[in-house]
Amino acid sequence: MSLFNLRQTMIRNTVRRTTGMKFTTGASMKQGQGAEGETRPVVYELRTYSLHPNKLREYLDLTSKEFHLRTAHSKLVGFWTSEIGGLNQAVHIWEYGSLSERAGVRARLAGDPEWVGRYFGRILPMLQCQENALLTLLPGTQLSLPLNKGVYELQTMQMQGAPGLWSKTLSQWVQACERARQNAGTQAVGVWGSILGHRQTAIVLWQHPDPDGCLALADAASSLPEGDTLAPLVIGSHSKLLLPHAVSPLQ
């Protein structure tokens, strides 16, 4: 089955599952509302698209022109292209008040002829594969949106055990890294743990004033005592240098 046919089948299934259900679309919601009124944490979807190298420029140009059709439906946190650590990739993060809100957004997108005809249907042949993961911010942390433009670094860490065993230690390490690099303009934008997708995974998004900030952060982190405490809890890690696209709220 082709990628296009597979995707169309998934869309039809989503529409069937969501028929008759009610969803909210509050892009600025800070908490979702669950059964019997309990609050749930905001969820974030990390999406990574790998593109055919000869289609990357066409994809980015079309995104510049038509991506407003997508952001009309839900809140985009950031949209980047990979420079190092992954080639020919687009990386984006979306915010939802709940999984039910996300399901409602996906159903409405499937029924939006402008979105399907002018953008979605046209990018399918450009894609090699798509990956996604559902994230929540670690306890005691929040998004810290940069005031200035820069480049971004996405750190992915495979952790030992459940988040309760490592979330506090990771947060302390991130804070120590920020203190070590605060005069140089490096800041942590968000610190997440995965809840769907690859489990026991931590995600840290950094902003640096320039690409060399990635190297400077790694050098500073290597001498921090908080790093010695964190190291036994990390199985492996991977970093990507990301450049913001014109449609990204984070620049």
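A: Strands themselves are DSSP runs (E, at least two residues), numbered from the N terminus. Here, strand 4 (residues 75-84) pairs with strand 5 in the antiparallel sense, over six bridges. T81, for one, has A90 in strand 5 as its bridge partner. One caution: this is a predicted model, where local features need pLDDT of at least 70, side-chain atom pairs count only at pLDDT 80 or more, and totals for chains, interfaces and linings use all residues. Residues are numbered from 1 along each chain as its sequence is written, and side-chain values use heavy atoms, leaving out hydrogens and water.

Q: What do strand 4 and strand 5 form, and what's up with G85 in the turn?

A: They make a hairpin, with four residues between the two strands. G85 sits in that turn with a positive phi of about 95°.

Q: Which sense does the pairing of strand 3 and strand 5 take?

A: Antiparallel again: strand 3 (residues 43-51) meets strand 5 over eight bridges. S50 stands opposite Q89 there.

Q: Is strand 5 (residues 89-96) enclosed or open?

A: Side chains in a regular strand alternate between the two faces of the sheet. In strand 5, Q89, V91, I93 and E95 on one side and A90, H92, W94 and Y96 on the other are all buried (under 20% relative accessible area; exposed is over 50%, partly exposed in between; 1.4 Å probe, protein chains only). That's eight of eight residues, so strand 5 is largely enclosed by the rest of the structure.

Q: How does I195 count?

A: I195 belongs to strand 8 (residues 187-196). Its relative accessibility is 31%, so I195 counts as partly exposed.

Note on methods:
Pairing = 2+ DSSP bridges.
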